[in-house]
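Subject: Structure for you to look at

Hello,

Here is the structure we spoke about. Please open it alongside this message and follow the residues as they come up.

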Amino acid sequence: MAEKTTSSEAIYHGTGRRKNAIVRVRILPGSGKVTVNGRDGKDYFGREALLNYALTPFKVTDTVGHFDVIATGTGGGVSGQAGALRHGIARALLAAGDYRADLKKAGHLTRDPRMVERKKYGLKKARKRPQFSKR
């Protein structure tokens with residue numbers, strides 16, 4: 001899904017999902033700058049660990065500092081959005097080059113299926129039951 005711009009630089013797209021978070025990612029050749037929802041990546045996530053986790057696809061493919069990341073995220077919390085960003089970057093890298101084997105081996109192309117279980121009627125939460133009283 002490469003798209004040509006007027007400056008003849010390729011932009012690669014990827015959509016990442018985790019929990020209730022959805023992040024649309026564009027990567028373009030650059031110096032490694034990360035922008036999420038118009039803010040710097042470090043400012044947005046607040047913790048260095050979350051940003052490092054999101055950027056692991058670049059470490060796996062030895063492309064650290066080769067691409068700039070522009071992402072827009074909705075839903076979920078910061079941890080879910082970091083996981084979704086990681087998934088989106090991995091999908092965008094598929095279009096950018098021949099990295100499929102490395103990304104698949106590292107497990108970055110698999111969507112994390114864990115979601116919050118819905119609340120059921122007659123229960124207090126998804127599985128917690130009201131206290132039982134024999135008498």
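What follows is a summary of what was found, grouped by part of the chain.

This is a predicted model, in which local features need pLDDT of at least 70 and side-chain atom pairs count only at pLDDT 80 or more, while totals for chains, interfaces and linings use all residues. Residues are numbered from 1 along each chain as its sequence is written, and side-chain values use heavy atoms, with hydrogens and water left out.

A hairpin and its strands

Helices (H or I, at least four residues) and strands (E, at least two) are DSSP runs, numbered from the N terminus. Strand E2 (residues 10–18) and strand E3 (residues 21–29) run antiparallel and are joined by seven bridges. Two strands count as paired if DSSP finds at least two bridges between them. Arginine 17 has isoleucine 22, in E3, as its bridge partner. The hairpin of E2 and E3 has two residues between the strands, and lysine 19 takes a positive phi near 50° there.

Alanine 21 lies in strand E3. Is alanine 21 buried or exposed? Its relative accessibility is 1%, so alanine 21 counts as buried. Here buried means under 20% relative accessible area, exposed means over 50%, and partly exposed is in between (1.4 Å probe, protein chains only). Leaving aside neighbours within four places in sequence, alanine 21 is in contact (heavy atoms within 4.5 Å) with Gly16, Thr74, Gly75, Gly76, Gly80, Gln81 and Ala84. Alanine 54 is 33 residues from alanine 21 in sequence, and the two are 13 Å apart in space, C-alpha to C-alpha.

The nonpolar core

A nonpolar core is a set of buried Ala, Val, Leu, Ile, Met, Phe, Trp, Tyr and Cys residues joined through side-chain atoms within 4.5 Å. The largest one here has 28 residues, and Ile27 and Leu85 have the most contacts inside it. Two or more residues of this core come from each of E2, E3, strand E4 (34–36), helix H1 (41–45), helix H2 (48–54), E6 and helix H4 (78–96). H4 gives the most, with seven residues. In soluble globular proteins, nonpolar side chains tend to be buried together.

Not counting residues up to four places away in sequence, isoleucine 27 touches Ala10, Ile11, Tyr12, Phe58, Phe67, Asp68, Val69, Ala92, Leu93 and Ala96.

Aspartate 68 is found in strand E6. A salt bridge is a side-chain nitrogen of Lys or Arg within 4 Å of a carboxyl oxygen of Asp or Glu. The side chain of aspartate 68 does reach two backbone nitrogens: that of serine 31 at 3.0 Å and that of glycine 32 at 2.9 Å.

Threonine 61 is found in the loop between helix H3 (56–60) and strand E6 (67–74). Threonine 61 is buried, because its relative accessible area is 7%. Its side chain makes a polar contact with the side chain of threonine 63 at 2.8 Å. A polar contact is a pair of N or O atoms within 3.5 Å; within protein, one must be able to donate a hydrogen and the other to accept it, and residues adjacent in sequence count only if both atoms are side-chain atoms. A polar atom of the threonine 61 side chain also lies 3.4 Å from the backbone oxygen of phenylalanine 58.

Salt bridges

The structure holds four salt bridges. One of them joins aspartate 112 and arginine 18, with the closest N and O atoms 3.0 Å apart. This pair links distant parts of the chain, 94 residues apart: aspartate 112 is in the segment after helix H5 (100–106) and arginine 18 is in strand E2. Both aspartate 112 and arginine 18 are buried. Arg18, Asp112 and Arg114 are linked in a network of salt bridges.

Glutamate 117 forms a salt bridge with lysine 120, the closest N and O atoms being 2.6 Å apart. Glutamate 117 and arginine 127 also meet in a salt bridge (3.0 Å, N to O). Both lie in the segment after H5, so this pair ties together parts that are ten residues apart in sequence. Arginine 127 has 62% relative accessibility, so it counts as exposed.

Regards
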